[in-house]
Amino acid sequence: MADFLLELRCEEIPARMQAGARNELEKLFRRELEAAGVAVGDLTVWSTPRRLALIAKGLPSETQAVREEAKGPPVGAPDQAVDGFCRKNGVERESLETRDVKGRATYFAVIEKPGQAVSDLLAAAIPVIIRDFSWPKSMRWGEASISSESTRWVRPLSGIIALLDGEIVPCVTDGLGCGRTTKGHRFHSNGEITIDGADDYAAKLRDAFVIVDHEARADIVREGARKAASEAGLALVEDEGLVIENAGLTEWPVPLLGRFDEAYLDVPPEVIQLTARVNQKYFVCEDAANDAGSLANAFVCTANIAANDPAVVVDGNRKVLAARLSDARFFWELDQKKTLAEHAKGLERITFHEKLGTVADKVDRVAKLASWLVFDAKEPNGDHNLTRQAAELCKADLVTEMVGEFPELQGLMGGYYAAKEGLPREVADAIRDHYKPVGQSDDVPTAPTTVAVSLADKLDNLLSFFKIDILPTGSKDPFALRRAALGYIRLVQANNLKLSIDTVVHAWRGNRDAALAEKLTAFLLDRLAVQLRDEGVRHDYIAASRDWGSQPDLRIDRVEARARALTSFLGSEDGANLLAGYKRAANILKKEEWNAAPDGLGEEDPLALAGKPEFDAAMGGAKDAGLSYTPEKAEKALIDALDIAAPKAADCVRLERFEDAMAALATLRAPIDAFFDEVTVNDDDPAKRTARLDLLARFTRAVGNVADFSRIEG
Amino acid sequence: MSSEHTNPAQSTALTGRDPSKSFQDMILTLHDFWAANGCVILQPYDMRMGAGTFHTATTLRALGPEPWNAAFVQPCRRPTDGRYGENPNRLQHYYQYQVILKPSPADIQELYLDSLKAIGIDPLAHDIRFVEDDWESPTLGAWGLGWEVWCDGMEVTQFTYFQQMGGFDCKPVAGELTYGLERLAMYIQGVDNVYDLAFNQHGVSYGDVFLENERQMSKWNFEVAETDALFDLFAKAEAECRNALANDVPIAAYEQAIEASHVFNLLQARGVISVQERASYMGRVRDLARSSCEKYAEKMAPEWAAKYPEWSLV
């Protein structure tokens, strides 16, 4: 058993690429060794800005010898065929063996593969790993780059260590030989460091001011930043992304706290935090004691040196941050010299999409739709004028300097500027929050004005792009339509909205467009299925709920309610059994090709008929009265149960009380089971057979009116 | 280039140079450093341009197989960055220090760090970092990978390995260093306002040299420049570029592309190019610059291939 150490040293690897590089190194190492027949156990993979390292413990020193046999042509086959077989297997004709295969003498080639030294396999594998390594972006460098074919790496590769049980694995890549020397920290270490093997690697680098374990560096950044903040009486604003980025930018991380001029705290805290994080990779802090939760005039930067005088480093960083904050404050003040309404005029110059006009055009559509939502649809029931105003101003911040600098502050800045110019709070909040919900953990708006603008914005995105046939395909969704659809769904859910997409489409384009409404609804239901999957609502339950009557249901809230009721019903014993009974009945009817509908309902939409006398008679009327024979006990029991359950279930469906509708169906479970146990459907008497098939048809219709059980799988 | 670097900081006592006290001493120290490390020290290109990368010593010399090591100061014109001399950091005219090393030497990062030491930045006192920053110039059909170099969180240098220029693979790859001289000097001198920089050790400030220039040029860029004449200049530069290309003098064509690029920037500053027109003008400049680079590479290719049999243009 042998331990192997590989270090690929290069110039600074971008922090964001290091996690992927570790995975890639592990994947390729396993691929190459396993292909050569070497079992690879646990691997340790580390990264710093200047190196990737891999340690494989317990590798064998040799692979097993292997004996393989290959069956060839029969004895007496043409020479060409036999020679070809020999060539293919790399053996001489004389060495072929002859065996009996089903009574025929047949040639066999026996190939002995001796064991190979793992060191040789590694020497062959390392150049392949380097060649096949996939970086998000890679480059050529140096003298070798006079050819386009020279080695590519993320930045110039400067050294390789490959040691198997302390012995150098001899390999050469583009003039770089493997050895046992590396370099320590760029500034805290001089000259070369000689490594004995996998065991002393991390410790020797640590002595040279390199913490090679990226997680150990992340711990230092995380803990050090917290400590620096708490020592100053502050609380760090935790940011795991920054922890990992700073760990990826340093080999010897030293978190340091600095202060900036308190006057900058006039600028919104989100702006300060973003400036510090995005441009400078700094953490920010909050006041811990009296003014808890408000941003403090402090930052934590992470140096890559144990500086002679940390105060000098901190002061340099403070100056840079001050210049950034000064720019931010300049934008903040400049933007306020115009009202949002004045800014909004600038939207006429911004193209939303080449086929969909300008952002100003979009805003007009959103304002119209948002007004309709609160005024005509009363979903949600908000103030018409406030909603219109919020919608008209919701995109104005896109042309402000601040959002130009920090696009991720869209919405938020509009909200701040609206509040600053004294617009009503509902308007400012709606502008601020109308992009929500964005992420999974994002709050879903509930204020009526905000809900209306947010819904209108998302619906306009969806309808506009659907109208010009731009739909997401595979992983490509450049206009974030899936996110818009999910946002719409979550708004509907959080606010119990009962919007029908056909009325929305009507309001949006001024006339009905059934095709567009159905296209959008189908897309929304796909997203709904993805969202509800995690809650155990199966996609086929949604499929079973997606029609209302015989038409697609254009209210996704209703589809969801029905699918949820189905989920809990079919999870119960009654539900599961009833489903089995339904399937059995449906199979019999299908086998008998029984689609006669003597009660005259046929394929018509029972819900459209609900409440009409002929419908109620059909659903609830005492059908057995017309029987020409005396029904059996179980038959009578099913008829009686249906007489009660069918109209009740239909009523509940009409009232959208799906749980109750399912409960009504549950009363059919025992009768249908008993019916199948005790009654022969295919009776010799044609009258009985007809009546019983009609009864089963009636049963499947009653069940099918609650949900389309035929779409349920399994 | 020798692998033993020469550190001219040691000779400071003889020359009396002190990069921490004078802008020009910092520049002269960089000249000494890079001259000692094998670079030809060039003077600025005598045309108005937006970045040192436009200098033919960078763009055109990045093409082809021949080794090329050069360093120079290039004044940069960014008309829209003018602030009438009222902003402590922003100027419509400033200096970049460019170093181009082809092929990129294996110790290029160490060389660069030694140059920082030469001008007085001690990497154990200041936190020097190489932070991912890739470079792309669609105008030149060029891109490269590299970093922005941070000194205590401030970007002081752009460090790029050119991968393509004029649409051609760089064979071999050149390393390009672009130092922001005013920023570096402000840092080294501990000054918060660019106009307060000491230009020399004899009492002349950066403001003494450039403040009035910034005031007048900002006014001209934003308010005065005759736009009809500028449109005319643009058209003439474009036509002349085509003329030069047609007559197989791509260096002359490239100069006209630089001219057109700067005139376009002036038109931008005058605010007379609409959003829709902007893309079209940029496309025209890109066309000129790329055509010039392409023509240059194609014209030189036979000569290069004869000298370097292992090299080919594509």
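These legends go with a few views of a predicted model.

**View 1. Chain A as a whole.** Start with the overall layout: chain A has 27 helices and 20 strands. Its radius of gyration is 37 Å, while the globule rule gives 27 Å for 714 residues, so chain A is more spread out than a compact globule. If you follow the C-alpha trace of chain A along its principal axes, you cover about 105 × 100 × 50 Å.

**View 2. Inside chain A.** Of the 714 residues in chain A, 41% count as buried.

**View 3. Helix H26 of chain A and what covers it.** This helix runs over residues 669–678, and its buried residues are A:Arg669, A:Pro671, A:Ile672 and A:Phe675. What lies over them? The cover for the buried residues of H26(A) includes four helices of chain A: H21 (573–591), H24 (633–654), H25 (658–666) and H27 (686–706).

**View 4. Where chain B meets chain A.** Across this interface, 32 residues of chain B are in contact with 32 residues of chain A. Sorted by class, the side of chain B that touches chain A has 18 nonpolar, 8 charged and 6 polar residues.

Conventions. Residues numbered from 1 in each chain as written. Chains lettered and ligands numbered in written order. Predicted model: local features only at pLDDT ≥ 70, side-chain atom pairs only at ≥ 80, totals over all residues. Buried ≥ 20, exposed ≤ 12 C-beta atoms within 10 Å, placed from the backbone. Helix = DSSP H or I, 4+ residues; strand = E, 2+ residues; numbered from the N terminus. Contact = placed C-beta atoms within 7 Å. Nonpolar A, V, L, I, M, F, W, Y, C, P; charged D, E, K, R; others polar. Rg over C-alpha atoms; globule rule 2.2 N^0.38 Å.
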